[in-house]
Amino acid sequence: MVDEIKSLDDLTAVAGVEAVAAVELAVLPEPTRDALGRAYATGKRKDAVARVWIKPGSGKVTVNGKEQNTYFARPVLQMILAQPFSVAGVVGEFDVVATVKGGGLSGQAGAVKHGISKALQLYNPSLRAALKAAGFLTRDSRVVERKKYGKRKARRSFQFSKR
């Protein structure tokens, strides 16, 4: 009997429409939203930590109370923030409010990107596959290596002098 089921139509014929609908609902988790209809996630990159809220809107991005273009002035950083929306195919559909601390601008942009990706996945679980395939849900674990004693930097030794 299991050998006969090769497509969704075969499953519908054998089990019925209700069973197929139940299986499809069981696969996707429920969207996670607060009372105001927002999804919240935390993004991290290097030493930067971003708290990100997304809600349906016109595509306005606010970081630490400033517009995206003001806070992240370099076009490369603005492009980094836009990547999750373009991969998920929801450009201009969500407003983003983010607060970010620590690190430099590049790390902060990566943290906001990570937070936006996680929040999009929580808001609409069907977007998870596209975001996961692009690698946006994985926290980039690379951090600065600590300085060791007896060294000038983390690995750089003092200059050796024979005489």
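User: How much of the protein chain is buried?
Analyst: Buried residues are 30% of the 163 in the protein chain; buried means under 20% relative accessible area, exposed over 50%, and partly exposed in between, with a 1.4 Å probe and protein chains only. This is a predicted model, where local features need pLDDT of at least 70, side-chain atom pairs count only at pLDDT 80 or more, and totals for chains, interfaces and linings use all residues. Residues are numbered from 1 along each chain as its sequence is written, and side-chain values use heavy atoms, leaving out hydrogens and water.

User: How many helices and strands?
Analyst: The protein chain has six helices and five strands, in the order α-α-β-β-β-β-α-α-β-α-α. These are DSSP runs numbered from the N terminus, with at least four residues (H or I) for a helix and at least two (E) for a strand.

User: Switching topic, how many aromatic pairs are there?
Analyst: Three. Rings of Phe, Tyr and Trp (its six-membered ring) pair if their centres lie within 6.5 Å; planes under 30 degrees apart are stacked, over 60 edge-to-face, the rest tilted. One of the pairs is Y40 with W53, tilted because the planes are at 45°, with centres 5.0 Å apart.

User: Where do Y40 and W53 lie?
Analyst: Y40 is in strand 1 (residues 39-45) and W53 in strand 2 (residues 48-56), so the pair ties together parts 13 residues apart in sequence. Y40 counts as partly exposed at 35% relative accessibility, and W53 does too at 21%.

User: What about Y71 and F72, buried or exposed?
Analyst: Both Y71 and F72 are buried. Their ring centres are 5.0 Å apart with planes at 85°, so that pair is edge-to-face.
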